[in-house]
Amino acid sequence: MSEHQGAFEEGLYSMGEALKRAPQIRGIPTGVEGLDELFFKTEFVEGKPRKVPLGGIPSYAVINLTGVSDTGKSLMVEQFAVKRASEGEGVLFVTVESPATFVSVSLKERAKAMGIEPSKVEERVFLVDVASYNKLRENLPDLLNTLAYAIKKFKVRYTLIDSITGLYEAKEMMARTVVRQLFNFMKKWYQTAIFVSQKRSGHEDLSAEAAGGYAISHIVDCTIVLAKELILSRSLANLYKVEVGDVVRLFRIDGCRLCGHDTRTHLMFITETGLVKVGPPLGKR
Ligand SMILES: Nc1ncnc2c1ncn2[C@@H]1O[C@H](COP(=O)(O)OP(=O)(O)OP(=O)(O)O)[C@@H](O)[C@H]1O
Ligand SMILES: [Mg+2]
């Protein structure tokens, strides 16, 4: 009997073998003004490091987009879905909070605001309606089978989940297990994915703390935090150059393990037509 009986050789490879199978990271334009310039990679020219903008979020990343209610998370993923579909790519939109019919209207609004003819994208965005079908919410294997079926059938490269929090709301101690399985699934199917997660409290507004439950940011590749602040003091109003009583929206990339990224806190805006835009960093206005 071999001394190494039971060793799982398939799970063991050299760095060189792993590199051969590694996907090339490139930037995926998001349709969110001001966001695509915030990710970069480092290239070496004559031995010297040089920052090269990616021009979008890193491909194959699983991104946790988090923030308290009404911070612009859904608008942002809708813009991303419309943008990718408008460039001829398949997008899977897993809607957990709002039924698919409502999301479709919202996507149509977003397309119009972005100057994209809705008919150009409506056959490329596919909705998985977890909000209406409890079976999909309660049973993760069923949900994963449905996603795998849709990814194969519609040649999907982008999967958006709004929100993952809704997949474990009655069993928060399962959060990490659910997110881990979804993360592994996205990796297996080479998806670039955005998981929206609901941040429970406004405490530590711009950190990933309390984002989507327990320590989810340790699992995903990248975390983006959205926040809003009601300005109630004259000193804050002066700092942000707004009036007392205004709401200031903020954006921050909390971390990304796939590439370099901007680390500053940026102003964020939601236009009258409902489009999210990332503005200048706070120190630079
Ligand atoms: N069509 C629109 N026109 C103008 N402003 C809009 C429009 N749609 C949404 N907004 C503004 O954007 C805000 C953020 O909306 P969004 O639905 O993206 O929030 P969210 O972060 O997904 O919140 P939740 O966690 O509750 O789902 C809304 O509260 C509203 O102020
Ligand atoms: Mg939302």
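Good morning. I begin with K155, which counts as exposed because it has 10 C-beta neighbours inside 10 Å. By definition, a residue is buried if 20 or more other C-beta atoms lie within 10 Å of its own, exposed if 12 or fewer, and partly exposed in between, with C-beta atoms placed from the backbone. K155 sits in the loop between helix 6 (140-153) and strand 8, and its phi is near 50°, a positive value in a residue other than glycine.

A word on the source. This is a predicted model, in which local features need pLDDT of at least 70 and side-chain atom pairs count only at pLDDT 80 or more, while totals for chains, interfaces and linings use all residues. Residues are numbered from 1 along each chain as its sequence is written, and chains are lettered from A and ligands numbered from 1 in the order in which they are written.

Y60 also has a positive phi, of about 65°, although it is not a glycine. Is Y60 buried or exposed? With 20 C-beta neighbours inside 10 Å, Y60 counts as buried. Its place is the loop between strand 4 (57-58) and strand 5 (62-67). Most residues other than glycine have a negative phi, and most peptide bonds are trans. Between D162 and S163, however, the peptide bond is cis, with omega about 0°.

I turn to the chain as a whole. It holds 8 helices and 14 strands; these are DSSP runs, numbered from the N terminus, with helices being H or I of at least four residues and strands E of at least two. Of its 285 residues, 38% are buried.

Next, helix 2. Of its 14 residues, 13 are buried, so helix 2 is largely enclosed by the rest of the structure.

The largest nonpolar core has 70 residues, and I63, A81, L92, L160 and F195 touch the most other members. Such a core is a set of buried Ala, Val, Leu, Ile, Met, Phe, Trp, Tyr and Cys residues joined through C-beta atoms within 7 Å. Helix 2 gives the most to this core, with 7 residues.

Finally, the ligand. Which residues come nearest to ligand 1? Of the 14 residues around it, they are S69, D70, K73, S74 and G274; a residue is near a molecule if its C-beta atom, placed from the backbone, lies within 6 Å of it. Helix 2 (residues 73-86) gives the most to this shell as well, with 3 residues. Thank you.
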